[in-house]
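I opened this entry to record what I looked up in the structure. The notes follow the order in which I checked things.

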Amino acid sequence: MGIEKYLVVTDLLCSREFPAEDGRSDLGIAGPGYHTAALATSHGLRVADAAIRRQTQEHFHEDLEALAALLAERWGEPSHIGLQTVLLRTGDEEIPEPWARLSHLVADAYLWEAREYGRWIVLGVADRDPADEIRLLLTATETDPP
């Protein structure tokens, strides 16, 4: 999927109704108050060597920066949110979705408030788990960041 298609998915996630229950959608996963789409997913990195994984991470981060620049034209400069502290807090307190799940997948992300939709837009690279594929994730949620 190219950057232009990422923008189409962004528009879809911003305008769709949220489902009543957690589950899969045609774009990824969704639940009460959120939609998350994997804009891009690596293939075969679970068994790839570290150099290949690092190269793929760099490519995904380049795509993240390109998309973030386009989203900044819409909603202004993003906030940067570190999700490490959110991850640590999941051990002691109830963190609402999608934030709890994102904190397990993404170390840090860009965050915009899309006021015209009443949603937060979160963009990050899911690359925390070296035994998992790398994904470029986009989330639209009505739940405030923790």
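Predicted model: local features only at pLDDT ≥ 70, side-chain atom pairs only at ≥ 80, totals over all residues.

Entry 1, helix α1. I found I3, Y6, L7, V9, T10, L13 and C14 buried in α1. These residues cover an arc of only 160° around the axis, so they sit on the same side of α1. I then looked at the face turned away from that buried side, and there I noted the exposed residues E4, K5 and S15.

I also checked the length of the helix. α1 runs over residues 3-15, and at 1.5 Å a residue its 13 residues should span 18 Å. I got 19 Å between the end C-alpha atoms of α1, which agrees. What do the buried residues of α1 pack against? I listed β3 (34-41), α2, β6 (119-126) and β7 (135-141).

Entry 2, the sheet. I traced an open sheet of seven strands in the order β1-β2-β3-β7-β6-β5-β4, with antiparallel pairing. β1 (23-25) and β4 (79-82) stand at the edges, and each has a single partner strand, so one side of each lacks a neighbour in the sheet. Ignoring direction, I have neighbouring strands turned by 25° against each other on average. For α1 on this sheet, I noted contacts with β3, β6 and β7, and a direction about 165° from that of β3.

Within it, I81 stands opposite A109 in β5.

I placed L71 in helix α2 (residues 50-75).

I found S42 in the loop between β3 and α2. S42 has 5% relative accessibility and the limit for buried is under 20%, so I counted S42 as buried. Its side chain makes a polar contact of 2.6 Å with the side chain of E133. A polar atom of the S42 side chain also lies 2.8 Å from the backbone nitrogen of I134. Beyond four places in sequence, I listed T56, F60, E133 and I134 as touching S42.

Notes:
Residues numbered from 1 in each chain as written. Heavy atoms only, no water. Helix = DSSP H or I, 4+ residues; strand = E, 2+ residues; numbered from the N terminus. Expected span 1.5 Å × (residues − 1). Buried < 20%, exposed > 50% of the residue type's maximum accessible area, 1.4 Å probe, protein only. Arc of directions from axis to C-beta. Contact = heavy atoms within 4.5 Å. Pairing = 2+ DSSP bridges. Axes fitted to C-alpha atoms, helices over the stretch in contact; angles between N-to-C directions. Polar contact = N/O pair within 3.5 Å; in protein donor to acceptor, adjacent residues only side chain to side chain.
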